[in-house]
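The following exercises are to be worked with the sequence and the model at hand. Each task is followed by a solution in steps.

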Amino acid sequence: MFEGFDSSYCGRLRDGDPDTEKHFVTYFAPLLLAKLRRRVRSPALIDEIRQETFLRTFRAIRTSGGVREPKHFGAFVYGVCENTIREYERQDRRMEPMADEAETRPGTGDTPEQELITEERKQMVRQTLDQLSPRDRKVLRAVFFDERDKDEVCRELGVDRGHLRVLLHRAKIQFRTMFMERETVK
């Protein structure tokens, strides 16, 4: 399943070759997503950790030491992801909830790579949502994007909680299937 990584690939990645960077993100995004889904509950945190993993990998490969063994590049990326998860878990244990006034925060200072990845992902999510049936789209938006109360969503759709769970499950599977197809085509 793993791509055959070599020093040439890592060199192109270090030099900022756009096609190699695109391949790197396209290849590792679903693998990291699968790993993170097993460990992290929040979809927003999953995306944040994945983006941070890409950022740290780009930084590491562009430092003087870089990746010592390119043939183990996949394991290196997974290790970066694992360390990032642990760091976020430690940070989460130490943080106290902030007051509502703290919702506005200054710019994140994203790197160009991070901005590109984030914008591409947002566009892919929008396009995938647009392809879903109206009901699936409505269920996913209400529960995940709008974070509305499930009882309210049930009343709006005229279903009970058990049926909403089924609708949500089916919509997620449909979305995941279409999203992964879109990712593999890129």
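A cavity is defined on a 1 Å grid over the protein atoms alone, as a set of points where a 1.4 Å probe fits but cannot get out; its lining residues have an atom within 4 Å of a point. The model is predicted, so local features need pLDDT of at least 70 and side-chain atom pairs count only at pLDDT 80 or more, whereas totals for chains, interfaces and linings use all residues. Residues are numbered from 1 along each chain as its sequence is written, and side-chain values use heavy atoms, with hydrogens and water left out.

**Exercise 1. Determine which residues line the second largest cavity, and classify them.**

Step 1. A search of the whole structure finds 2 cavities of 30 Å³ or more. A volume here is the space filled by probe spheres set on the grid points, which are joined across faces, edges and corners. The second largest cavity holds about 30 Å³.

Step 2. Its lining consists of Lys-138, Val-139, Ala-142, Arg-148, Val-153, Glu-156 and Leu-157. Two or more lining residues come from each of helix H6 (134-145) and helix H7 (150-157). Helices are DSSP runs of H or I with at least four residues, numbered from the N terminus.

Step 3. Ala, Val, Leu, Ile, Met, Phe, Trp, Tyr, Cys and Pro count as nonpolar, Asp, Glu, Lys and Arg as charged, and the others, Gly among them, as polar. The lining accordingly has 4 nonpolar, no polar and 3 charged residues.

**Exercise 2. Describe the ring pairs that Phe-24 forms with Phe-28 and with Phe-58.**

Step 1. A pair of aromatic rings is described by the distance of the centres and the angle of the planes. Rings of Phe, Tyr and Trp (its six-membered ring) pair if their centres lie within 6.5 Å; planes under 30 degrees apart count as stacked, over 60 as edge-to-face and the rest as tilted.

Step 2. The structure holds 13 aromatic pairs. In one of them, the ring centres of Phe-24 and Phe-28 are 5.2 Å apart and the planes stand at 55 degrees, so this pair is tilted. Phe-24 and Phe-28 are separated by about one helical turn, because they are 4 residues apart in helix H2 (residues 18-39).

Step 3. For Phe-24 and Phe-58, the centres are 5.4 Å apart and the planes are at 65 degrees, so the pair is edge-to-face. Phe-24 belongs to helix H2 and Phe-58 to helix H3, so the pair ties together parts that are 34 residues apart in sequence.

**Exercise 3. Is Thr-63 buried, partly exposed or exposed, and how is Thr-84 classed?**

Step 1. Buried means under 20% relative accessible area, exposed over 50%, and partly exposed in between (1.4 Å probe, protein chains only).

Step 2. Thr-63 is found in the loop between helix H3 (43-61) and helix H4 (73-94). Its relative accessible area is 43%, so Thr-63 is partly exposed. The side chain of Thr-63 reaches the backbone oxygen of Ala-60 at 2.7 Å.

Step 3. Thr-84 lies in helix H4. Thr-84 counts as buried because its relative accessibility is 0%. A polar contact (a pair of N or O atoms within 3.5 Å; within protein, one must be able to donate a hydrogen and the other to accept it, and residues adjacent in sequence count only if both atoms are side-chain atoms) joins the side chains of Thr-84 and Arg-56 at 3.3 Å.

Conventions. On a 1 Å grid over the protein atoms alone, a cavity is a set of points where a 1.4 Å probe fits but cannot get out, and a pocket is an open set with protein on both sides within 12 Å along at least five of seven lines; lining residues have an atom within 4 Å of a point.
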